[in-house]
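Here are my notes on this model. Please keep the structure open as you read.

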Amino acid sequence: MGSFGGHVRPPSHVGTGPWLAAAAGASAMGVACRSHGVTADGHGQLVEGADLSQLPFLYGTAWKEQQTTELVVQAIRAGFRGIDTACQPKHYQEDLVGKALQRLSVEDNLPREKLWLQTKFTALRGQDPRRIPYDPKAPLATQVEQSIQRSLQNLGTSYLDSLVMHSPMPTLEENLEVWGVFERALQAGQVRQLGISNCYDPRAFQMIYEAVRIKPKVLQNRFYADSGYDRELRAFCLEKGIKYQTFWTLTANPHVLVLPPIRKAAERLKASPAQVLFAWLIRSGHQPLTGTRSLEHMKQDLEAAQMVLTGGSSYSSLSSRGFFGSGGLAAHQDALPPEVKALHIKGFSNFIVFSGSNLLFCIFAVTLASARFAFLGRSRSPYDEVLGEAP
Ligand SMILES: NC(=O)c1ccc[n+]([C@@H]2O[C@H](COP(=O)([O-])OP(=O)(O)OC[C@H]3O[C@@H](n4cnc5c(N)ncnc54)[C@H](OP(=O)(O)O)[C@@H]3O)[C@@H](O)[C@H]2O)c1
């Protein structure tokens with residue numbers, strides 16, 4: 001069992017924070033609160049022996065450079081317990097995540113076991129040639145082994161809770177070679193579970209799933225319109241008990257967040273549109289990531305995990321049928337709670353029934369959203385270009 005500190009009772013701000021605040025805040029908002037069982041008891045403390053792989057939210061550490069340590073400390077003190085990183089110095093300072101964990105161990109007596117750490121193996125084509133964290137000339141299997149050792153060293157731990165293939169390899173053979181090393185690390189106790197990222201083709205994902213002995217427990221994908229919001233993949237993940245993790249959840253969806261119905265739902269819940277979207281994902285059985293740098297947004301994002309969208313419909317059933325996929329909700333309108341109806345993007349025909357002023361507002365909002373989307377798309381596109389892995 002790895003640790004970077006003894007198991008001492010955490011100070012009051014560790015393990016409480018948002019769970020307690022969320023309970024109080026959400027009650028004040030008239031929003032129902034629900035313990036996830038895995039995260040908090042009635043007093044806001046983490047439940048002993050909780051399955052942390054089921055945490056509602058993960059804190060993402062990409063693009064934080066020298067601020068990584070400070071932001072990870074802040075996120076964990078705010079209440080995050082799941083951390084996502086990668087052995088890819090181009091975008092993630094995994095060693096600085098480790099420094100944050102070390103600091104929390106010393107200053108807050110936070111034991112390793114209270115955290116859920118996920119990292120990734122990134123293939124050579126996704127690495128900065130000047131900062132490759134393994135021997136680029138070594139055979140693929142050795143590269144994977146070295147990457148795992150580097151992650152353990154960077155994070156100052158003897159085990160990883162989750163190890164993810166940053167992107168599928170070009171051939172099934174190479175996927176199996178990487179996975180074989182993953183499986184051996186799991187059998188050796190260095191890794192607790194395995195996953196895949198940036199896999200948007202349901203057939204490719206299922207092929208890997210069928211071919212491997214130890215099945216993936218995570219699929220981490222960009223949650224965006226171009227993939228049809230991974231409707232089929234999300235259903236598959238729910239069926240097989242695989243956590244579907246989302247990134248770009250807000251960045252890729254400004255057009256969703258500005259729709260009048262979602263804004264209305266947010267107003268009614270006294271929440272932000274971002275919180276409504278996060279809450280929906282969590283209630284659907286998925287696991288969003290947030291990489292926010294703002295303490296206020298950290299708290300809001302964690303509060304979303306405690307929000308129950310009212311309406312009484314089954315979120316898991318909605319999830320399994322698809323939500324954001326084309327026409328995904330159209331067939332299930334009657335079963336939908338108001339907030340989910342509010343999120344429904346069936347087409348602009350839905351909104352044209354509004355009064356003239358609302359219609360004008362819609363056109364304005366959509367134009368604004370498209371412009372912002374295009375801007376954000378450009379501003380983040382270097383990630384795709386350099387990673388060269390995401391579709
Ligand atoms: N597997 C992969 O290939 C891959 C790719 C990309 C990302 N990731 C992972 O996913 C993590 C998250 O990345 P992301 O791409 O989803 O973006 P992100 O880093 O979470 O940034 C999203 C944007 O949302 C804003 N935000 C967050 N919470 C908000 C709230 N409650 N209200 C309003 N705005 C809010 C942030 O602004 P503020 O900072 O001002 O709050 C930021 O501008 C990364 O750190 C990384 O761990 C993985």
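1. Helices (H or I, at least four residues) and strands (E, at least two) are DSSP runs, numbered from the N terminus. A residue is near a molecule if its C-beta atom, placed from the backbone, lies within 6 Å of it. With that in hand: helix α11 gives the largest share of the shell around the ligand, three residues.

2. The model is predicted: local features need pLDDT of at least 70, side-chain atom pairs count only at pLDDT 80 or more, and totals for chains, interfaces and linings use all residues. Residues are numbered from 1 along each chain as its sequence is written.

3. The protein has 15 helices and 10 strands.

4. Back to the ligand. There are 24 residues around the ligand, and Gly-60, Ala-62, Phe-247, Gly-291 and Thr-292 come nearest. Two elements give two or more residues to this shell: β9 (287-290) and α11 (295-306). By type, the shell has seven nonpolar residues (Ala, Val, Leu, Ile, Met, Phe, Trp, Tyr, Cys and Pro), three charged (Asp, Glu, Lys and Arg) and 14 polar (the others, Gly among them).

5. Now look at a helix pair. Helix α4 (residues 140-155) packs against helix α5 (residues 172-187) at an angle of about 40°, and their axes lie 9 Å apart. Axes are lines fitted to C-alpha atoms, for helices over the stretch in contact, and angles run from 0 to 180 degrees between N-to-C directions. So α4 and α5 are oblique to each other. Angles under 35 degrees count as roughly parallel, over 145 as roughly antiparallel, 65 to 115 as roughly perpendicular and the rest as oblique.
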